[in-house]
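Student: I have a model open on my screen. Can you show me how to read its strands, sheets and helices?
Tutor: Gladly; let us look at it together.

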Amino acid sequence: MKVLVVALLCLVVTSATVKFNWYEVIRVYPKTSVQLNFIRHLEHSGKYDFWKTAATKGFADIMASKENMISLKSMLRVTGIRYSIFISDVQGKIDQINAIPRKEAGPKSSRYALTWDNYYQYETIREFCYALAQDYPDLVTLEVVGTSLEGRELVLLKISSGGEGKPGIFVDGGIHAREWISPATVTYMMREMVENYAAHPEVVDNVDWYFMPLINPDGYEFSHTDNRMWRKTRSTTSIAGCYGADPNRNWDFHWAEGGTSSYPCSEIYTGPVPFSEIEMANVRDAILARASQLRIYLTVHSYGQMLLIPWGYDAVYPEDYPELEELGLAATDALTAVYNTKYDVGCSGVIYGPAAGASDDWNKGVAGIKYSYTLELPDNGRYGFLLPATEIMPVAVETWEFFRVLAERISAN
Ligand SMILES: [Zn+2]
């Protein structure tokens with residue numbers, strides 16, 4: 001009997017992965033300002049997982065357990081807010097996607113294990129970065145700009161063909177753990193610039209690129225090993241059992257203002273103080289060390305197919321908004337021309353209402369980087385964060401055109 005109990009305990013411990021059986025995601029469509037405020041209030045309550053925050057003229061995507069969903073739907077009916085089913089069984093969707101046979105596509109290397117027909121954990125991405133730096137010392141410089149709370153390296157790759165006075169572009173990925181398409185796409189850009197340099201030297205020759213493909217490695221790893229829907233960092237909070245801050249509400253520019261939560265269990269928790277999250281503090285320092293050279297800051301998220309322009313702390317346009325919009329439209333037009341994937345370009349605070357303390361605002365408002373953007377990769381209503389790995393290559397190939405336009409259009413002035 002004792003043996004059986006021990007065996008059962010082991011089973012519980014080893015199968016710690018969170019299951020989302022009968023969790024549902026619904027898309028809700030608030031029409032009036034009262035309805036919109038109601039939905040935003042729900043988000044701040046911390047009870048529901050907002051896959052997508054409510055757009056002022058649009059929808060929100062909300063995940064909840066079966067029990068919570070029953071009460072949510074009845075509240076929606078009472079308040080007259082229309083909704084539709086986005087994903088009816090999240091675990092079923094996860095299992096279904098995991099069962100899709102891996103289609104070998106895209107580049108392969110004998111020097112590292114990373115490919116673009118599968119999603120990989122931290123160590124494989126780190127190994128890829130080191131391999132690029134080792135194999136292409138004339139183009140690539142690797143720097144570890146610090147470690148995460150759990151000791152993982154925060155790797156920065158500079159890709160440059162040398163020379164002085166070039167404009168710099170800083171790109172980060174994986175700030176939100178569950179947005180797996182982000183590091184997958186960012187690493188593809190790095191590979192294309194380095195291993196395929198000869199096919200388009202101008203992309204690298206006109207610019208110094210700085211890439212940090214995975215800036216929330218602890219959260220990202222946790223989303224692979226324990227909880228596929230993890231978003232935040234993994235720091236401890238003042239509430240037992242609630243972990244992490246939203247790394248994209250943790251930056252010190254209008255910190256803890258609108259669209260944030262001081263409740264540690266919320267998905268949009270600000271953290272106790274600005275830059276409380278060691279990963280964000282390290283990225284901040286890496287940016288400040290080269291801020292005078294940087295002309296573009298691009299942070300890569302999913303999902304929604306949007307290019308968001310500051311400000312995000314409130315529904316306010318920066319003075320130079322038309323210039324940011326012009327470059328953004330040129331880059332997304334080039335992307336769309338590949339497979340006709342449509343992107344919207346707009347001001348984040350105007351589209352979504354306030355979400356203060358995000359990295360794009362800080363990079364424009366404090367670091368002084370003029371062209372600061374948040375790119376929300378696909379999709380837009382079929383899989384959400386659960387984008388199958390067979391989509392990595394199409395997303396990467398079309399997004400390459402976006403990057404190419406940034407390099408082409410930016411100048412050192
Ligand atoms: Zn995100």
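Student: How many bridges join β7 to β8?
Tutor: Two strands pair if DSSP finds at least two bridges between them. Here five bridges join strand β7 (residues 168-173) to β8, and the two run parallel. D172 has M212 of β8 as its bridge partner. Strands (E, at least two residues) and helices (H or I, at least four) are DSSP runs, numbered from the N terminus.

Student: What should I know about the model itself?
Tutor: The model is predicted: local features need pLDDT of at least 70, side-chain atom pairs count only at pLDDT 80 or more, and totals for chains, interfaces and linings use all residues. Residues are numbered from 1 along each chain as its sequence is written, and side-chain values use heavy atoms, with hydrogens and water left out.

Student: In which sense does β6 pair with β8?
Tutor: Antiparallel. Strand β6 (residues 153-159) and β8 share three bridges. L157 is partnered with F211 of β8. K158 is partnered with Y210.

Student: Is β8 mostly covered or open?
Tutor: Covered. Buried means under 20% relative accessible area, exposed over 50%, and partly exposed in between (1.4 Å probe, protein chains only). In β8 (residues 208-212), five of five residues are buried. D208, Y210 and M212 point one way, while W209 and F211 point the other way.

Student: What is the strand order in the open sheet of eight strands?
Tutor: The order is β5-β6-β8-β7-β9-β12-β10-β11, with mixed pairing. β5 (140-147) and β11 (344-347) stand at the edges with a single partner strand each, so one side of each has no neighbour in the sheet. Neighbouring strands are turned by 20° against each other on average, direction ignored. For angles, axes are lines fitted to C-alpha atoms, for helices over the stretch in contact; angles run from 0 to 180 degrees between N-to-C directions.

Student: Which helix packs on that sheet?
Tutor: Helix α10 (residues 321-339) does, touching β9 (294-302), β10 (306-309), β11 and β12 (371-377). Contact means heavy atoms within 4.5 Å. The direction of α10 makes about 40° with that of β12.

Student: How many bridges join β5 to β6?
Tutor: Six, and these strands run antiparallel. L142 stands opposite L157 in β6. Their hairpin has five residues between the strands, and G151 takes a positive phi near 90° there.

Student: What is the order in the open sheet of four strands?
Tutor: Read β2-β3-β1-β4, with antiparallel pairing. β2 (49-52) and β4 (82-87) are the edge strands, each pairing on one side only. The twist averages 35° from one strand to the next. Strand β1 (residues 24-29) is joined to β4 by five bridges. Y29 stands opposite R82 in β4.

Student: Where does α2 lie?
Tutor: Across β1, β2 and β3 (60-64), at about 120° to β2. α3 also packs on the sheet, touching β1, β3 and β4, and its direction makes about 15° with that of β1.

Student: At what angle do α2 and α3 cross?
Tutor: The axes of α2 (residues 33-45) and α3 (residues 66-79) cross at roughly 160° and come within 11 Å. Angles under 35 degrees count as roughly parallel, over 145 as roughly antiparallel, 65 to 115 as roughly perpendicular and the rest as oblique. α2 and α3 are therefore roughly antiparallel to each other.

Student: Which residues meet there?
Tutor: Q35, F38, I39 and L42 in α2 meet L72, M75, L76 and T79 in α3.
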